[in-house]
Amino acid sequence: TTSDTMYCVFIGKAVQTVNPPAGSVAASQLATDAVTTVKILDTAVTGAKLNDDAISGQGALGAEPADTDEFLVSDAGTLKRVDYSYIKASTTDEFRPNAQPYMINGNFGVWQRGTSFTTSVYTADRWKQDLSGATATVTREAHTVGQTDVPDDPTYYLKQNVTTGNGNCGMLYKIEDVDTVIGTFTLSFYAKGVNPAGGNLDIVIQQNFGSGGSATVALTEQDLTLTASWAQYVFTGTLASISGKTVGTSSYIQFIFKQPDDDTATDAWNLQISQIQFESGTYTSATLPAFQTETYGANLARCQRYFWTPKTAAAGNGSFAVGGFFNTTAGDFVCNLPCQMRDTYTVGYSALSDIRVTSHTAAYDASAIALNASAALDAICIRVTSGSVLAVAGNYGYVFLKNTSALLKIDAEF
């Protein structure tokens, strides 16, 4: 009947073996742990037997991964997938070769010399104005608090306002040591302004091999075309190889932002610049490492290696050097510097009338100040002369600044 069951039992030996056709054995027909590594030939699993979505490593990705491309990670022993978008943001900063910015004072936060300049001098720390026959004023300008046009909320920016233009007028910056960056580079900054008559500024990058070194190498000039609104600019290039070059003393990489030398028009123009950074390697605006923000104190300390001036918080309270008189009108006074200067330095001042020398009995304006020969890079000895008798030889005394705008200039710039 339909309910009868028949059993067939073969007793004996196998007379042949059967190779199951492909696909005839499904996973459900295999006992748990039936297939082990010892039962699989070394060459049994090939790429042809893997699905397209199997991870085999046979294909090569010829470009940067897309944000949705996935990587495998071990999460406490469990293999998981993670999108590239979660890990790409940290790569450029973590592998940055420089712990500190290559360009000191790139946020224009330090202005030891003052906040307005009309001659060819250093302005914001490390930044020098070159008039080249033009008429211009460099000023420290303040960003509006909370503005978002320039990221990271910088406090100040530099403005060079050229009222009478001329070829080669512009701003200069030098990175110490020509071999600081080798190979490809990226220069980025935010800027706005009015272009010279020719329609653009030139950006010139030079490799200066220092005194006694090889001849200066100038890279191809790149055009900077300004607009009336803040915009980010990114320039890339490759520094010339220094192989076979002779590097002398005081070598540097120089950046020049200028009216082109073949543009001799006298039309007015201006450059306003903020948050400038120089990076080793080639980047785009999307991949550029974040601006390296330093505290004011850290930024100031790096600037003081090139220039230092004592500061007074109130008139008459800015004593900075102590020493003794070797006659009734003159003495030698010593001042320890906050750091070792870059190189031998010069001593200058805003005006002799800003500096006063005193003994325990009287005080008079200085009539002469000179650097008393000293090879020390972390201390100075200055000889100060007064126009009047104020001490007995052998008496002690000190030198001070008379007002908050007074400057004694210790300058070790290039």
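**Strand pairing and aromatic contacts in the predicted model**

β19 and β20 form a hairpin, with three residues between the two strands. Helices (H or I, at least four residues) and strands (E, at least two) are DSSP runs, numbered from the N terminus. The model is predicted: local features need pLDDT of at least 70, side-chain atom pairs count only at pLDDT 80 or more, and totals for chains, interfaces and linings use all residues. Residues are numbered from 1 along each chain as its sequence is written, and side-chain values use heavy atoms, with hydrogens and water left out.

Strand β19 covers residues 355–359. Four of its five residues are buried (under 20% relative accessible area; exposed is over 50%, partly exposed in between; 1.4 Å probe, protein chains only). Two strands count as paired if DSSP finds at least two bridges between them. β19 is joined to β20 (residues 363–371) by three bridges, and the two run antiparallel. With β22 (residues 396–401), β19 pairs over five bridges, again in the antiparallel sense. R356 has a bridge partner in each of these strands. In β20 the partner is D365. In β22 the partner is F400.

A further sheet is open and has three strands, in the order β15-β23-β18, with antiparallel pairing. β15 (307–308) and β18 (346–349) stand at the edges, each with a single partner strand, so one side of each has no neighbour in the sheet. β18 and β23 (residues 408–411) are joined by four bridges and run antiparallel. Within this sheet, T346 stands opposite D411 of β23.

Aromatic contacts were assigned from ring geometry. Rings of Phe, Tyr and Trp (its six-membered ring) pair if their centres lie within 6.5 Å; planes under 30 degrees apart count as stacked, over 60 as edge-to-face and the rest as tilted. The count comes to 14 aromatic pairs. One of them joins Y252 and F414 edge-to-face, at 5.1 Å centre to centre and with 65° between the planes. Y252 lies in strand β13 (residues 252–258) and F414 in the segment after β23, so this pair ties together parts that are 162 residues apart in sequence. Y252 is buried, at 12% relative accessible area. F414 is partly exposed, with a relative accessibility of 24%.

F255 and F278 also form an edge-to-face pair, with 4.9 Å between centres and 70° between planes. F255 belongs to β13 and F278 to strand β14 (residues 269–280), so the pair ties together parts 23 residues apart in sequence. Both F255 and F278 are buried. One aromatic cluster is formed by F108, W127, Y173, F189, Y233, F235 and F257.

Charged side chains were also placed relative to rings. A charge sits over a ring if NZ of Lys or CZ of Arg is within 6 Å of the ring centre and within 35 degrees of the ring normal. K174 lies over the face of Y252, at 4.5 Å from the ring centre. The charged end of R305 sits over the ring of Y306, 5.7 Å from its centre.

A glycine provides another link across the sequence. G183 lies in the loop between β7 (170–176) and β8 (184–194). G183 and T238 are 55 residues apart in sequence, yet their C-alpha atoms are 5.1 Å apart in space. Not counting residues up to four places away in sequence, G183 touches G237, T238 and L239 (contact: heavy atoms within 4.5 Å).
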